[in-house]
Amino acid sequence: MTRPSFFCATLLGWLVLTAPLFLAAEPGKLTVTWLDMPVHGLAVIVETPGGKVFLVDTGGTKKNAELDYNAGRDTLSPFLKQRGYTEITGILISHPHGDHYGGLEWLLQNWTVREFIDHGYEGRGQSLAYKRLRDLATQRGGKYRPMLAGGRLEWDASLSLELLSPPAEFISTGSDPSKVSEHGLLNSNSLLLRLQHGSQVFLFPGDAYGGAFETYLKKKVPAEKLLTTVLTAPHHGFNPGYAFPAMLMPKHVVVSCLADYPGNANTPNPRSPGDRAIQVYGKLGAEVLVTAFHGLITAVSDGEKVTLTPSHERISKPAP
Ligand SMILES: [Zn+2]
């Protein structure tokens with residue numbers, strides 16, 4: 001919003017639609033906001049009852065002749081400024097893919113970020129560009145903390161923040177680990193954050209999905225810890241199997257995706273994973289909200305109940 005010369009008309013229209021909803025968070029309550037972005041990615045802002053703010057993933061970037069977009073610069077930072085924050089308590093990156101850490105570098109360079117959390121992975125598929133961000137976080141005065149299942153974050157006394165996955169040995173997504181794609185390996189081993197506020201539970205699984213991930217959860221995580229009030233749909237709503245949602249029985253599901261994926265012609269629904277997610281999670285009785293259709297989505301918890309509010313009514317219809 002501060003650099004209008006960089007935006008195309010489409011992006012400006014999108015900002016006008018979204019900007020008026022950046023109102024103050026309710027004091028003493030937990031506010032979780034899933035941002036609506038013009039580029040594929042996930043970015044969630046968590047404003048704690050104690051007045052702190054942390055981020056789960058930082059969205060993506062895109063630069064071409066029509067669009068120069070950085071989720072950190074163009075969406076997250078304007079939101080945080082409008083809310084009156086002067087520093088970020090923590091940034092958690094679920095896994096090192098660009099649609100989740102795209103805005104991170106800009107935020108580290110332009111904000112005070114107290115802690116930077118990821119799973120500390122150093123192996124196959126890890127890019128040098130991503131590893132440098134860990135160094136940047138510490139160079140800028142923050143603390144880098146690699147964490148795995150069992151790790152806890154002490155960011156607000158009224159919240160219980162625990163990581164349920166991945167385990168130290170990582171989840172292998174196939175019988176022959178050498179045949180597992182790097183992309184799939186990193187998705188399956190996304191940090192799975194469980195946030196509890198009173199009796200209300202939020203689950204942030206990054207892009208983790210699939211049989212090996214579900215087997216790990218069944219064997220290693222107590223079933224009661226998986227019962228979820230608000231689920232961020234894993235992998236942007238792509239590949240929503242039934243086993244994982246059935247373990248969680250979420251009351252609300254938020255999907256962060258675009259309205260159209262033209263290159264995704266082989267899936268049952270090439271238009272948007274949001275439509276399929278509405279069907280799958282809806283069958284479990286969950287309320288499903290999709291950023292592509294409902295805009296910016298806000299959840300407010302008082303510890304006993306959660307209220308979700310979309311910034312607008314559904315503006316896209318499912319593909320016929
Ligand atoms: Zn992703």
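Author: Start with confidence: pLDDT is the predictor's confidence in each residue, from 0 to 100. This is a predicted model, and its chain averages a pLDDT of 89, with 87% of the residues scoring at least 70.

Reader: Which residues have a pLDDT under 50?

Author: Residues 1-10 stay under 50, and the model has eight contacts beyond four places in sequence for them. Residues 16-20 are also below 50, with six contacts beyond near neighbours in sequence. Where pLDDT is low, the predicted coordinates should not be read in detail.

Reader: Fine. How many helices and strands are in the chain?

Author: The chain has 11 helices and 17 strands. Of its 320 residues, 48% count as buried. Among contacts with a separation of 6 or more, 63% are between residues 24 or more positions apart.

Reader: What does β3 pair with?

Author: Strand β2, residues 43-47, runs antiparallel to β3 and is joined to it by five bridges. Within that pairing, V44 has V56 as its bridge partner. Strand β6, residues 87-92, runs parallel to β3, with three bridges between them. There, F54 is partnered with G90.

Reader: And what holds paired strands together in general?

Author: Strands of a sheet pair through backbone hydrogen bonds, either parallel or antiparallel.

Reader: What sits between β2 and β3 in the hairpin?

Author: Five residues separate the two strands, and G51 in this hairpin takes a positive phi near 90°.

Reader: Is D57 buried or exposed?

Author: D57 is buried, because 31 other C-beta atoms lie within 10 Å, and the cut-off for buried is 20 or more. F170 is another residue that is not a glycine and has a positive phi, about 65°. F170 counts as partly exposed because it has 18 C-beta neighbours inside 10 Å. Its place is in the loop between β10 and α6.

Reader: What else is in that loop?

Author: P166 is found there, between β10 (160-165) and α6 (182-188). The peptide bond leading from S165 to P166 is cis, with omega near 0°.

Reader: Back to the inside. Which residues touch the most other members of the largest nonpolar core?

Author: V44, L55 and I91 do, in a core of 80 residues. If neighbours within four places in sequence are left aside, I91 is in contact with F54, L55, T58, L104, L107, V113 and F116.

Reader: Now the sheet that includes β13. What is its strand order?

Author: The order is β9-β10-β11-β12-β13-β14-β15, an open sheet of seven strands with mixed pairing. Its edge strands are β9 (152-153) and β15 (287-290), each pairing on one side only.

Reader: How do β13 and β14 run?

Author: They run parallel, with three bridges joining β13 (residues 230-232) to β14 (residues 252-255). T232 stands opposite V254 in β14.

Reader: Which helix packs on that sheet, touching β14 and β15?

Author: Helix α10, residues 273-283, does so, and its direction makes about 170° with that of β15. The buried residues of α10 are P273, G274, D275, A277, I278, V280 and Y281. They pack against α9 (243-248), β14, β15 and α11 (291-294).

Reader: What comes just after α10?

Author: G285, which takes a positive phi of about 90°.

Reader: One more on α5. Why does its length agree with what it should be?

Author: Helix α5 has 12 residues, 128-139, and at 1.5 Å a residue these should span 16 Å. The expected span uses one less than the number of residues. The end C-alpha atoms of α5 are 17 Å apart, which agrees.

Technical notes:
Residues are numbered from 1 along each chain as its sequence is written. This is a predicted model: local features need pLDDT of at least 70, side-chain atom pairs count only at pLDDT 80 or more; totals for chains, interfaces and linings use all residues. Two strands pair if DSSP finds at least two bridges between them. Helices (H or I, at least four residues) and strands (E, at least two) are DSSP runs, numbered from the N terminus. Two residues are in contact if their C-beta atoms, placed from the backbone, lie within 7 Å. Axes are lines fitted to C-alpha atoms, for helices over the stretch in contact, and angles run from 0 to 180 degrees between N-to-C directions. A residue is buried if 20 or more other C-beta atoms lie within 10 Å of its own, exposed if 12 or fewer, and partly exposed in between; C-beta atoms are placed from the backbone. A nonpolar core is a set of buried Ala, Val, Leu, Ile, Met, Phe, Trp, Tyr and Cys residues joined through C-beta atoms within 7 Å.
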